Amino acid sequence: MTGRTGLAGALLAVMLLAGCGGGGDPRDAWRERCRETQLRVGALPLIGTPDRLGLAAGAASGELRELAAALDDLDAPGDAAAAANLRNGVAAAAVGFADVEASIRGTGTGGRERVVRDTAVVYERIDAAATTLGLPECAADALGRAAFTTFADAAQGVRSEPLPAVLTRACTRIREAYGPTAVAVDEGAATTQLRRSVDVLTDIRRDLAGRPEPGAAAVRAAAVAATRTLRDAERQVVGGADPASTTVTAFRIARPVLRAGFAGAASPCSALR
């Protein structure tokens with residue numbers, strides 16, 4: 001009788017553990033992932049040449065993007081709204097680092113003050129969410145706030161790259177990676193062409209972000225319009241439209257739009273003739 005009672009008690013204990021937290025606290029996974037990011041961002045150099053600091057800011061952006069994606073795959077550790085705010089805040093901070101990288105390199109300095117202001121607000125949201133969740137490992141200071149300030153200070157006073165040089169580089173990117181390389185025979189080939197070309201246009205828009213010149217605005221607007229056309233074509237192909245005719249038509253519509261944008265900047269792109 002005593003043996004049976006002891007066995008029943010042991011089984012009950014196992015069941016209770018399985019049903020009441022035996023799987024572990026979700027915060028543990030968030031802590032571990034934030035600690036990893038803290039170590040990696042903390043190891044980045046905070047002094048050096050503009051090229052070195054630009055690379056470091058870009059690396060910090062990549063680390064935070066990876067963290068945001070990792071947290072998105074984890075269960076919320078308590079308050080769901082706070083968890084979403086933390087994930088979104090980390091992703092937004094990654095954008096802030098990318099913008100500062102552009103400023104250090106001289107390709108996006110026109111919006112530096114806005115970037116610093118907006119990223120400061122983002123880090124405040126990260127702090128508030130981390131406090132609600134009881135995760136100091138995921139707070140602003142742990143996730144690179146001081147590094148962002150250092151990189152932003154380094155970007156101050158950086159002379160913008162001349163617009164003609166930026167547009168020449170944009171035209172080179174179009175020549176190298178934009179448009180169809182062959183007739184798309186299936187959905188995979190079509191989406192590859194379209195997505196690769198959208199990536200090129202995204203690079204161009206990033207290089208021109210914050211530039212006040214009318215020519216920069218013309219090319220930026222053209223890139224936005226062309227991107228919209230290519231993304232609409234991708235949706236059609238995925239929905240069953242003919243890959244060949246859909247991609248050919250999309251590029252035929254987008255090309256003159258981009259050509260007009262470069263012409264408006266007085267920097268014709270030979271790759272769009």
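**Close-up views of a helical model**

**Ile-253 sits in helix H10, which covers residues 243–264.** Helices here are DSSP runs of H or I with at least four residues, strands are E runs of at least two, and both are numbered from the N terminus. This is a predicted model, in which local features need pLDDT of at least 70, side-chain atom pairs count only at pLDDT 80 or more, and totals for chains, interfaces and linings use all residues. Residues are numbered from 1 along each chain as its sequence is written, and side-chain values use heavy atoms, with hydrogens and water left out. The C-alpha atom of Ile-253 is 7.9 Å from that of Ala-226, although 27 residues separate the two along the chain.

**The whole protein chain comes to 10 helices and zero strands.** Read along the sequence, the pattern is α-α-α-α-α-α-α-α-α-α. Of the chain's 273 residues, 41% count as buried. Among contacts (heavy atoms within 4.5 Å) with a separation of 6 or more, 71% are between residues 24 or more positions apart.

**Ala-233 is a residue of helix H9.** With a relative accessible area of 3%, Ala-233 is buried. Setting aside residues up to four places away in sequence, Ala-233 touches Leu-194, Thr-246 and Ala-250. For the pair Ala-233 and Ala-250, 17 residues apart along the chain, the C-alpha separation is 6.2 Å.

**Thr-191 belongs to helix H8.** This one is buried too: the relative accessible area of Thr-191 is 7%. Apart from neighbours within four places in sequence, Thr-191 is in contact with Glu-234, Val-237 and Val-238.

**Helix H7 runs from residue 163 to residue 177.** Which residues of H7 are buried? They are Leu-163, Val-166, Leu-167, Ala-170, Cys-171, Ile-174 and Ala-177. Looking down the axis of H7, these buried residues fall within an arc of 160 degrees, so they line one face of the helix; the arc is that of the directions from the helix axis to the C-beta atoms. As background, an α-helix has 3.6 residues a turn, so residues three or four places apart point the same way. On the other side of H7, Pro-164 and Glu-176 are exposed. The cover over the buried residues of H7 includes H8, helix H9 (214–238) and H10. Just past H7, Gly-179 takes a positive phi of about 90 degrees.

**Helix H2, residues 26–42, has its own set of buried residues: Trp-30, Arg-31, Arg-33, Cys-34, Thr-37 and Val-41.** H2's 17 residues should span 24 Å at 1.5 Å a residue, and the end C-alpha atoms are 24 Å apart, which agrees. Covering the buried residues of H2 are elements including H3, H4 and helix H6 (145–155).

**Thr-119 lies in helix H5, residues 112–133.** Thr-119 has a relative accessible area of 4% and is therefore buried. Not counting residues up to four places away in sequence, Thr-119 touches Gly-96 and Phe-148.

**The largest pocket holds about 390 Å³ of space.** A pocket is an open set of points on a 1 Å grid over the protein atoms alone, where a 1.4 Å probe fits and protein lies on both sides within 12 Å along at least five of seven lines; lining residues have an atom within 4 Å of a point. Grid points are joined across faces, edges and corners, and the volume is the space filled by probe spheres set on the points. The lining has 16 residues, and Ala-98, Asp-99, Glu-101, Ala-102 and Arg-206 lie nearest the centre. Helix H3 (50–72), helix H4 (80–105) and helix H8 (187–208) each give two or more residues to that lining. H4 provides the largest share, eight residues. By class, the lining has six nonpolar, three polar and seven charged residues (Ala, Val, Leu, Ile, Met, Phe, Trp, Tyr, Cys and Pro are nonpolar, Asp, Glu, Lys and Arg charged, and the others, including Gly, polar).

**Ala-266 is found in the segment after H10.** Phi of Ala-266 is near 60 degrees, a positive value in a residue other than glycine. Most residues other than glycine have a negative phi. Ala-266 counts as exposed, because its relative accessibility is 69%.

Terms used: Expected span 1.5 Å × (residues − 1). Buried < 20%, exposed > 50% of the residue type's maximum accessible area, 1.4 Å probe, protein only.
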